Amino acid sequence: MYKNSTALKRGQIPRAVSKIFLIMKLSFFLCLVSILQVSASTTFAQRISLSKSNASLVETLKDIHRQSGYSVLYNSKMLKRALPVSVDLKDAGLDEALRECFRDQPFSYVINNTTIVVTPKPVERKPAQVITITGTVKDQKGAPLPGVTIKVKGTNTGVQTNIDGNYTVTVNDNNAVLVYSFIGFVNQEVTVGNQTKIDIVLKEQTSALNEIVVVGYGTQKKAKLTGAVSSVSGETLNKRPIVNPASMLEGLAPGVQVNTGSGEPGNEAVSIRIRGNSTFSDAGSDPLVLIDGVPGSFSDVNPTDIDNISILKDAASASIYGSRAANGVVLVTTKQGKAGQMSVTYDGNLGYSSPTKMFKLVTNSAQYMEMFNQARINSGTTDANSLYPQDQIELYRNATDRVRYPNTDWLSLIFRTAPTQNHNLTFTGGSEKTTYNVSLGYINQDGIERGFDYKRYNARINLTSKINDHIKFGTNVLLKSGTRGAVAGNPSSPTQWDGSSMDLFLSAMSQAPTYGPYLADGSGRYTFKAYDFEYNNKNPIAVLDQNFRRITNDYAVNAQGWFEVQFTKDISWYTKGAVNFNMDKYKDFKATLDEYNFQTNQLATSLDLGKGLTEQDEQTVYTNLFSYLNYAHNFQGHNIKAQFGYSIEQSKYQYLQGYRKNFPDLDLQELNAGGSDIQNAGGTSNQWALMSYFGRLNYDYKGRYLLEGNIRDDGSSKFAGKNKWGVFPSFSAGWRVTEEPFIKAMNLTWLDNFKLRGSWGQLGNQNIVINGYGANYPYQALLNFTGNYSFDNSTLVTGVAQQNLNNPAIKWETTTMTDIGLDVTVFKNFNLTADWYNKTTSDILRQAQVTAAVGLSAPTINDGSVNNRGIELGISYNNVITDGALRGLAFNVGANVDHNTNKLVKFGQTEIGDYTINQNGLPWKSFYMLQVVGIFQSAAEVANSPKQFSDSTLPGDLKYKDVNGDGKIDQNDRTIIGGVYPKLNYSFNLSASFKGFDLSAMMQGVYGVKSYVSGWGTIPFVQGASPTTDWLNAWTPEHPSTTMPRLYFGQSAPDKIGRRSSYFLQDASYLRLKNLVFGYTIPAQLTKKIGINRLRVYFAGDNLLTITKFKGLDPERYGSGDQVQYPQNKIYSFGLNVSF
Amino acid sequence: MKNRIIITIILITSLFLGACKKALDLNPNDQIATSTFYKTKADFDAALAAVYASLQSEEFSYGMGFRDGFTDNGYNQFNSGAAKDFVQGNFNPTTQGYETAIYNDSYTGIARVNLFLQNLGSYKGADISDSQRKVYEGEVRFIRAFLYFQLYSIYGDVPLVVQPLDLSNQKQPKVPAAQVLTQITADLDYGIANLSTNTYYTNGGHAAASSAKALKARVLLFAAYGSTGTPDATMLTQVRDLCLDLMGQYKLSTNFEDIFRDATQKNNTEIMFSVNFLAPNNTAPWDMYYGDWDACAPMQNMVDAYECTDGQPYGTSPLTDTKNQFNNRDPRLRKTVYADSVDFGPGKVHHPSNLRPTGYGIIKFLEPNNMPYGFSTLSQQDAVILRLGEVMLMYAEAQNEIAGPDATVYKAMADLRARVNMPAYPAGYTKDQMRQRIRHERRVELAFEGLRHYDLLRWHIAGPVLNAVVSSLINYHFEDKFYHWPLPQTEIDKSGGILIQNPDYK
């Protein structure tokens, strides 16, 4: 470097020392500079002799100048720090002399031609040392951690680990300190020293307090939360090999009851209840679901795209969503890219589903025929032509020709083990400025019930880009295309699942085993009964074979764009605009089909499910723009955060439907291919809008005292006048006792965190449903186009009539909730969260109890109130064993439990339903029916018991309880029976990993709930349905049973068996192994060789084991009603995670 | 930086202003606000259609056969309208079925009438003439009378609503049945005075004065028997005179079955009022319910009630053929009842997909051209509510009660029977004998037209008749309290003590 130095005189500054000379330059021109000037042409001897003792450096340099003739250039101010010089040299070289003089000086020197320049100490002049350090960062379980930031302490230099946890960093100095940091882990610092390979094991943050939780319009540190928020990571969620992300929440958060009503692919009827049913209005108790901050449909999201889900349970957390937050809010956040090399991950599995449980029916024809006759005779049929002749029974019993005399198991013809496949590919990465997460997903699920399947394609593109240090922007785009195949049918009601899966199921139940689906002659013609007197429903195989299908396509495009401006350290501005476009279309085709008698091969009837092709297109376009300003300021332990924002939402729905009846060619299933003789069309549109202002104020003092206030003012198009706008406030406070100095002073090492929380707030519900349809204009008196009539039998006159009373005074339903909570962490790893809440919904948007004399449908009014109160408890313990034989074993165990009590506080007039009652003081829709106390065992018992209705009661019949003690049994003996809601919802989870193996299990249960089930599968011979094998033990005089009554015959059974009674009310409590995952990650050394960074194989099982007393099908069901419902799936699946 | 903030604030503010609050004022796209309707005569025509359409409810039109399931005529295997509950005697304020359907649907129609009248009253447009105004009023009041008669005949005392109600006055007490009857006759008298004097079949499907007369005769005949079964002569005289008047104006349909089949209903000279349907968009499931589902199955005692062609009862007559019951029988049997399958001759046979619990089904309302019967059958047969056949029977009944079996009674019955080639009655009947024949004739002629139920009530013979029914399918049980049905419990509850339950059901 010296050699390369060139003359200062020329004004050139060698690059390598530019910094030094920069300083010097300043010294030259700005500071006082002394130059010992000599003639450059003078030549001097270069031998120096010096003898000094405690001389000044300047003095000494002057001597050297004199002897050598070299000029000396120095900053006199700098040289004030010079140490005294003591040298004794004789004929020394210049270099040597200078070296001696400068030995202990805090300066150095440079010789440039004939000038000696005094420079600062060469510590900084020393060439930068380059030490390259490599290593791997792993967690305590030994899994590599990608994305860990490694910074050189005190500099801005930093790198990140790659997908394998490997990193390479360069430092200049052995004394450099590397800082390893990663969210969720404890930072670690290492001094480089002599190492060039540094492997690090990062410890997981034992306390979740630093966890960041997504809340309404922002995030909050868990430690500072004052509301009741549960959060679930995408990783936890995705353990289940199922398709619907809403189902995946089951059992994962206390106070959040998720019920998957059906196993039908793409039509699971998942209900999410946060803290109970808070209303009896048709508005319903579904929570508001937001995808990346914008209301959306849970089922549109590909589960693997979910980063985390936050559930805002109390008023304080949810009230920033105001008028739609009454039932809680679910915030789904999708994954964003991470800076670094592109990583490609494939995650896929292949599973097999089978019903968790299936009816065991009598499938032996002879047995069926005998029971049939018995049931008919018991039901009063005496006509021999309506009974199987004995010789026919014997034919079936002794037949060897099972084609002619089959024992058909109809259920086995429609149920099967069905495959499901699920593939996901994720690309993530980016630069410091721009990151991306792009994913593609595909699922293909065949139903365990034939004729039902679901296919879905998903794509997501999440981009984030920093324009500069102040401005960020990004987009989240979701694309979805789903296709659901079902058997053609009519949805039984818009609030229920499509009735066709149930319809096909019950059709298969409603067949006798005496015939198969096809004629025995091999012609392939479909059957209709073997004997005329048999009862049945349509031949399900004919429906399946003939492809009488309803194909539903649902498309979703959710596009969001956002930007964030950081004006100053304290002030930022966030704006998001979103468009959700949803389109559902279906095509439903049915034709008529002849069915033949199995015995005679004669035409029996023509199967007619309602002919023709119906096509419907539905579209919803929803737009949302919200914008808010954030302010945050900290001073002297006071932390203030404020937020103020604005939002506008608009939604427009429209549909179009067309129908043609007659199709000459059944393969041409398009409207234009149908005859135009019978056709019709329909369609309409409607819209709503919501405009809102919202704000939040947070304050805390040293993280010790926490306060928060929220407010939202919502204006809705659904209300008029002064009721258009509604204000929803909330307040909450927290006290972190463990932050108090006096607690800290006690030095309780076992107590890591103790926080008390309390909140109060109000929320709204603006969903108005009239006659099963969302009503957007309930305050207006409207006339409907209804009541068309043909006076002359040739033209149809359009009718117009008012059908509903309007209510100009309609407004929000208001829910007021108080929550008191506790968060405790002890011994670092043991966490407990407990909450008590009291939630009252008032001004319920209910249909007025209008007398029929009015002659119009009741308007929706604000009346009535419901109270829910309950407790929730979540506990967890996690640890990693760091020594001994099990070193590296990481595990986590947890449990959630919650209890909720629902009560109608003000319902109005008691309303009695089919088997339910709504009455003040009782839970909504409490069971109300006759109570069965047993089965009559003798005529004497019948005679000595109260008379039951006008029945001719016999031994073997159900014995009802005389509740009112008036000596007779009638409708007045109906009584309230508890169990409409579970007493407890609970779940346990466990996960562990060790040396590449991982295991996790989740058990979920409900306790203390009943379900009223009837119809097929419960009552024998409904539409001829085979009885379940339980009925082999039906009461007979020879074999008196105390559990199974006399056998009666389906619909023509006397009322005495079919009345709404507790006989049909079953305990639906269960505990089930919801999910079990066992995986193994193949050591990276091995997979690296084939270019794979990580390879994990796993087995995941769902609903593998169920403990329940429930008879019939699965206890986890849509609720009370018909026993036949599409069954739940038991899934065995095998999967693969690969990262490249 | 400062500038940037300022610009941003301006931007935000403009966002607020840009989204003006009008965004929250939305109106429906497929419904009309009441305030903007009723501006022309056409609007009233549309509203009138909806008033007539309120009669298209099952229990007022195509469910007429189900009403016979409440009697000894039919068995309803699906318990439609809670018919099975009723005949078994398990009938109470919460039974629902027709108990609530008749109540609710009557008032729904009444509300449409009341709203129509209110809007007509306040309409000042010149495009509706005074006479047209009276015709409108007469038509809707005729329909209101029909609906109130449903309530009057089944429940007795009910709330009397002649003005639109709202939330403030919705809880209405019941009024004595007599007051309801007064309203019914007032409405009908208005119709008789103001409606067209054309026959119904030439009046374009609108109620005519004769329609109102026929209904009035039915109402008074019912009312005449009171709660005892002994008729009031004054009322019967009115009935007789009304019937006489109508018998002069209308003629019997040549073929019995033509009254009920689609193609021959148009311009049928017998029909005095019907509830109309028009395929494909305004249909009724006649063929599916009766022809495929066998939703109301004639009982054996009903089949047995048809005489042999000699006018002698089946079983007594020498023509009785027990091997083939349908042989030598009153032709109305084959035109009313089918066994095994619906058979209109070659190529017109339908095998019902449901079982026939009694072995029979109703063929009376089926249209041969609509085969096969099922979900996709679009039936457009009109529901015949009032016809000359019934009027002749009413005449005979009233005249016999007033004056005994005189020649006019004999003639009316002979004419009616002659249409189906049944012999006239032998001369010399006593009043009682004639009464029995007329009652029997009503059962056969009007089978499954929903009138048997009224007859059993007004004659006060429901107890003896129904309790005598022997059926392997169902245990009949009738108590006197069933002469008046209970008001639906939900109505009692909702009225908060203002509406009082019929005393027998408290």
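This report walks through some backbone features in chains A and B of a predicted model.

A quick word on bookkeeping: residues count from 1 along each chain as its sequence is written, while chains are lettered from A and ligands numbered from 1 in the order in which they are written. Since the model is predicted, local features need pLDDT of at least 70, side-chain atom pairs count only at pLDDT 80 or more, and totals for chains, interfaces and linings use all residues; side-chain values use heavy atoms, with hydrogens and water left out.

| Peptide bond | Geometry | Omega |
|---|---|---|
| Ala279(B) to Pro280(B) | cis | near 0° |
| Met371(B) to Pro372(B) | cis | near -5° |

Where do these prolines sit? Pro280(B) is in the loop that links strand 3 (271-275) to helix 11 (286-292) of chain B. Pro372(B) is in the loop between strand 8 (360-362) and strand 9 (383-387) of chain B. (Helices, H or I with at least four residues, and strands, E with at least two, are DSSP runs numbered from the N terminus.)

Lys925(A) has phi near 60°, and its loop lies between strand 48 (916-918) and strand 49 (926-929) of chain A. With 39% relative accessibility, Lys925(A) counts as partly exposed, a label for what falls between buried (under 20% relative accessible area) and exposed (over 50%), using a 1.4 Å probe and protein chains only.

Over in chain B, Gln96(B) has phi near 65°, again a positive value in a residue other than glycine. Gln96(B) belongs to the loop between helix 4 (83-88) and helix 5 (98-122) of chain B, and counts as partly exposed because its relative accessibility is 41%.
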